[in-house]
Amino acid sequence: VSILFTFNSQATDPVPVAKSGPDRVTLLELFTSEGCSSCPRADQWFSKLSQNKALWKGFVPVAFHVDYWDNLGWKDKFGSKAATTRQRAIARTWKAPAVYTPGIVVNGKEWQNWRMATTPPPGSGKAGVLKLARMSNVSESFSITYEPPAAEKSEKFVVHLALLGLSVKSNVGGGENSGEKLQHDFVVLDWKTGDATRTKGVVTREFSLNIPQNQKVAVACWVETPDQPVPVQAAGAFL
């Protein structure tokens, strides 16, 4: 008796999620907090980006909630020390004496004119191709591949992958926004980062994310060189 085993190779093939072009994609970072009375306006501006035609192709939005307003009567459940640490590290690159919210950063540079704009500034130059794939349609494991341009001299990179919540609502019961009903888009729900070394011209890294059920989400990935937290290339997409 012979038994024939057949395998569906597609079941284990990675599923493409996001891919940048060779031109630099803008990483747009919002540093915000539910405990800051000035932040809801920035949160609303950020939410409007979901309808922007340049979303994912020209820019990737990521909203980090910091934790340094948590002592004013309301603890932001999305806030984290890691987000605060990132904001401070970025601010040190332009020698800022302090950090603040809402703060918006474009490709590692402070951007104060966002209130008058509808689209973030475009990136410039060639930055290489960044790809994000999911191990399967339901997997929480992702693979990131980056092919730097020929002019990129760095052999080592820092790779980031963030899970972003969409249309996340919050009833604030204390602090400066007490009584407000806030909505957050592109808010960081899970964030993984790690080092990677270029091998045969390609940088690869794998991460797993904690994806919640019944929640609209997106993913964003970006790469940096180890010497400073300035993005080299970014990519993202709705899941």
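**View 1. The hairpin of β4 and β5 in the predicted model.** Asn107 adopts a positive phi near 50 degrees in this hairpin, where two residues lie between the strands. Strand β5 covers residues 109-110, and its pairing with β4 is antiparallel, made over two bridges. Within this pairing, Val105 has Glu110 of β5 as its bridge partner.

**View 2. Strand β4, residues 103-106, and its two faces.** In a regular strand the side chains alternate between the two faces of the sheet. Which residues of β4 lie on each side? Gly103 and Val105 are on one side, Ile104 and Val106 are on the other, and all are buried. Both faces of β4 are therefore covered, buried being under 20% relative accessible area.

**View 3. The pairing of β2 with β4.** Strand β2 spans residues 26-32 and runs antiparallel to β4, with four bridges joining the two. Opposite Gly103 of β4 stands Phe31. Gly103 is also one of the buried residues of β4.

**View 4. Helix α1, residues 39-48, and the strands it packs against.** Of the ten residues of α1, seven are buried, and the helix is mostly covered. The buried residues are Cys39, Pro40, Ala42, Asp43, Trp45, Phe46 and Ser47. They pack against β2 and β4, and also against β3 (59-65) and β10 (181-184).

**View 5. Cysteines Cys36 and Cys39.** How far is the sulfur of Cys39 from that of Cys36? Cys36 has a relative accessibility of 3% and so counts as buried. Cys39 is among the buried residues of α1. Another cysteine, Cys221, has a relative accessible area of 0% and is likewise buried.

**View 6. Arg92 in helix α2.** Helix α2 consists of residues 81-93 and includes Arg92. Is Arg92 buried or exposed? Arg92 is exposed because its relative accessible area is 56%, and the cut-off for exposed is over 50%. Arg92 and Gln228 are 136 residues apart along the chain, and 9.4 Å separates their C-alpha atoms.

How values were computed: Residues are numbered from 1 along each chain as its sequence is written. This is a predicted model: local features need pLDDT of at least 70, side-chain atom pairs count only at pLDDT 80 or more; totals for chains, interfaces and linings use all residues. Side-chain values use heavy atoms; hydrogens and water are left out. A disulfide is a pair of cysteine sulfur atoms within 2.5 Å. Buried means under 20% relative accessible area, exposed over 50%, partly exposed in between (1.4 Å probe, protein chains only). Two strands pair if DSSP finds at least two bridges between them. Contact means heavy atoms within 4.5 Å.
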